[in-house]
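Subject: A structure for you to look through

Hi there,

Here is the structure I promised to pass on to you. Have a look at it first, and then read my notes below with the model open beside you.

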Amino acid sequence: MLLDGINHIALVSGDIDRLRAFYSEVFEAQVGPTEPHGDQDGETMTMIRIGPHTELNVVTIEGNPEPDRQTPMWGRGRLDHFGLQAASAASFETIRQRLVDRGASDGTVNDFGSVLSVFFRDPDGLEGEVLIGK
């Protein structure tokens, strides 16, 4: 393979403070500063490092209604959900419990053969999944 994982996922949020708190408290992510971005007034970008090579590039645009639009799985457009690889079985369990404690997941562990996973929704309603190899 010529690739070594995902560098970033770009998404639009309506509330960067809420998203910043969620990813830093649940995943111990490192959150960079929120800075002006793009050509529009009221447009910002915040980089949230969620792994050694992966970050969320979160853009906020005043008046953009996209973060409020929620649809069921497989009806969400090109990006339906994303999967995050837990660093260890212990990390997987810590994250799973934090998600349950925040009401972001019911904690159900799915057995997909070679991996276990737990689904969650972040505060903006974006669906994610945390996985660990068996």
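In what order do the four strands of the open sheet that holds β5 stand? The order is β5-β8-β7-β6, and the pairing is mixed. Strands here are DSSP runs of E with at least two residues, helices are runs of H or I with at least four residues, and both are numbered from the N terminus. Two strands pair if DSSP finds at least two bridges between them.

Before going further, please keep in mind that this is a predicted model, in which local features need pLDDT of at least 70 and side-chain atom pairs count only at pLDDT 80 or more, while totals for chains, interfaces and linings use all residues. Residues are numbered from 1 along each chain as its sequence is written, and side-chain values use heavy atoms, with hydrogens and water left out.

Strand β7 (residues 115-121) runs antiparallel to β6, and two bridges join them. If you want a place to look, find Asn110, which stands opposite Ser117 in β7. Helix α1 (residues 16-27) packs on this sheet and touches β5, β7 and β8 (127-133). The direction of α1 makes about 150° with that of β7; such angles run from 0 to 180 degrees between N-to-C directions, with axes fitted as lines to C-alpha atoms, for helices over the stretch in contact.

**The sheet with β1 to β4**

Another open sheet has four strands in the order β1-β4-β3-β2, again with mixed pairing. Its edge strands are β1 and β2, each of which pairs on one side only. From one strand to the next, the twist averages 20°.

You can walk through this sheet pair by pair:

- β1 and β4 pair in the parallel sense over five bridges, and Ala10 stands opposite Asn57 in β4.
- α1 packs on this sheet too, touching β1, β2, β3 and β4, and its direction makes about 5° with that of β3.
- Strand β2 (residues 30-36) and strand β3 (residues 43-51) run antiparallel, joined by five bridges; Pro36 has Thr44 in β3 as its bridge partner.
- The hairpin of β2 and β3 has six residues between the strands, and Gly38 takes a positive phi near 80° there.
- β3 pairs with strand β4 (residues 54-61) in the antiparallel sense over eight bridges, and the hairpin they form has two residues between them.
- Arg49 has Glu55 in β4 as its bridge partner.

Which strand holds Met45? Met45 is in strand β3. Leaving aside neighbours within four places in sequence, Met45 is in contact (heavy atoms within 4.5 Å) with several residues, including Pro33, Thr34 and Val59.

The protein is divided into domain 1 (1-65) and domain 2 (80-133), with bounds that come from an automatic or database domain assignment. Their C-alpha centres lie 19 Å apart. Across the boundary, 16 residues of domain 1 are in contact with 14 residues of domain 2.

How much area is buried between domain 1 and domain 2? The value is about 1,300 Å², of which carbon and sulfur atoms give 65%; this is the accessible area (1.4 Å probe) that the two parts lose on being put together, summed over both. Phe22, Val26 and Phe27 supply 43% of the area that domain 1 buries against domain 2, more than any other three residues.

The whole structure has eight salt bridges, each being a side-chain nitrogen of Lys or Arg within 4 Å of a carboxyl oxygen of Asp or Glu. Arg18 lies in helix α1 and Asp124 in the loop between β7 and β8, so this pair ties together parts that are 106 residues apart in sequence. In the salt bridge of Arg18 with Asp124, the closest N and O atoms are 2.4 Å apart. Three salt bridges are found across the interface of domain 1 and domain 2. On the side of domain 1 that touches domain 2, β1 (8-12) and α1 each supply at least two residues, and α1 gives the most, with eight residues.

Enjoy exploring, and send me your questions!

Best wishes
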